[in-house]
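Colleague: Hi! I'm new to this one, could you walk me through it?

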Amino acid sequence: MTGTRDDGDTSDLQAWVARTYEGLADLLGSAPAGTWDAASLCAGWQVRHVVAHVTMPVRMTPATFGAEMAAAGGDFDRLSDTVAARDASLPTDELVAQLRSPQLHAWQPPGGGAAGALSHAVIHSLDVTVPLGAPAVAPAEALTAVLDQLAAAEGGFFGIDLTDVRLEADDTGWSRGNGTTVRADSGALVALLSGRTLPDGRALPR
């Protein structure tokens, strides 16, 4: 396995967050209208739902977020589904503009810091690009940082069982573990470690 990046310098991580969202905005801003209705890697969500989800910090103040959480009974997954279903109907040019928002680029999840912001941006960007067959919009360094983060947790963030599994990125020298080899590009490996099923049907055991 490659060495884990020292995340003490959060400026790089937050810069990668911004580049990831800008890349997603560039992709979707010039994509055919039907792209927004394509299925994402998030079960039951189209591309527009994923974008509505990641741009929530632009539209919500702490007070409105608190109210949404109360309405969802404190269940963040329920809140996410509700907001995504509602705000996916926003005009696509508005959602693209929100992807470019400095407010979004600086946002950090409560308790997650810059590393949490980066994994959130990278994973959800792959929820869009992987099923579209588009190249990853996150910088290569960001993909490696998130791979390191997920692998260091031994799959614990998403309930993945990495026992007897070796992961190898076929676009870089990154690798992790011993056992049955799973080879894919860095973006696909991030998606697999995030509990996603790839378009070719591959998924990691749980």
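Modeller: Happy to! Keep in mind that this is a predicted model. Let's begin where helix α9 ends: the helix is followed by Glu154, which has a positive phi, near 55 degrees.

Colleague: How many residues does α9 have, and how far does it reach?

Modeller: Helix α9 covers residues 140-152, which makes 13 residues. From its first C-alpha to its last it reaches 18 Å, close to the 18 Å expected at 1.5 Å a residue.

Colleague: Which residues in α9 are buried?

Modeller: The buried ones are Ala142, Leu143, Ala145, Val146, Leu147, Asp148, Leu150 and Ala151.

Colleague: And what covers them?

Modeller: The cover includes α1 (10-29), α8 (113-132), β2 and α10 (186-193).

Colleague: You mentioned β2. Which strand does it pair with, and in what sense?

Modeller: Strand β2, residues 175-176, pairs with β1 in the antiparallel sense, over 2 bridges. Within that pairing, Glu168 stands opposite Ser175 in β2. The two strands form a hairpin, with 5 residues between them.

Colleague: What about β3, is it parallel or antiparallel to β1?

Modeller: Parallel: β1 and β3 (residues 180-184) pair over 5 bridges. If you want a spot to look at, find Leu167, which stands opposite Val182 in β3.

Colleague: Where does Asn178 sit, and is it buried or exposed?

Modeller: Asn178 is in the loop between β2 and β3. It is exposed, with a relative accessible area of 64%.

Colleague: What is Asn178 in contact with?

Modeller: Leaving aside neighbours within four places in sequence, Asn178 is in contact with Asp164, Val165 and Arg166.

Colleague: How many Å separate Asn178 from Leu143?

Modeller: Their C-alpha atoms are separated by 21 Å, and the two residues are 35 residues apart along the chain.

Colleague: Changing topic: how many aromatic pairs are there?

Modeller: A search of the whole structure finds 1. That pair is Phe65 with Phe76, and it is tilted, at 6.4 Å centre to centre with 50 degrees between the planes.

Colleague: Which helices do they lie in?

Modeller: Phe65 lies in α4 (residues 62-71) and Phe76 in α5 (residues 76-87), so the pair ties together parts that are 11 residues apart in sequence.

Colleague: One more. Where is Arg196, and is it buried or exposed?

Modeller: Arg196 lies in the segment after α10. It is buried: its relative accessible area is 12%, and the cut-off for buried is under 20%.

Colleague: Which polar partners does the Arg196 side chain have?

Modeller: Its side chain and that of Asp127 are joined by a polar contact of 2.8 Å.

Colleague: What else does Arg196 touch?

Modeller: Not counting residues up to four places away in sequence, Arg196 touches several residues, among them Leu41, Cys42, Ile123, His124 and Phe158. Ala191, Arg202 and Ala203 are also touched by Arg196.

Colleague: Great, thanks for the tour!

Key. Residues are numbered from 1 along each chain as its sequence is written. This is a predicted model: local features need pLDDT of at least 70, side-chain atom pairs count only at pLDDT 80 or more; totals for chains, interfaces and linings use all residues. Side-chain values use heavy atoms; hydrogens and water are left out. Two strands pair if DSSP finds at least two bridges between them. Helices (H or I, at least four residues) and strands (E, at least two) are DSSP runs, numbered from the N terminus. The expected span of a helix is 1.5 Å times one less than its number of residues. Buried means under 20% relative accessible area, exposed over 50%, partly exposed in between (1.4 Å probe, protein chains only). Contact means heavy atoms within 4.5 Å. Rings of Phe, Tyr and Trp (its six-membered ring) pair if their centres lie within 6.5 Å; planes under 30 degrees apart count as stacked, over 60 as edge-to-face and the rest as tilted. A polar contact is a pair of N or O atoms within 3.5 Å; within protein, one must be able to donate a hydrogen and the other to accept it, and residues adjacent in sequence count only if both atoms are side-chain atoms.
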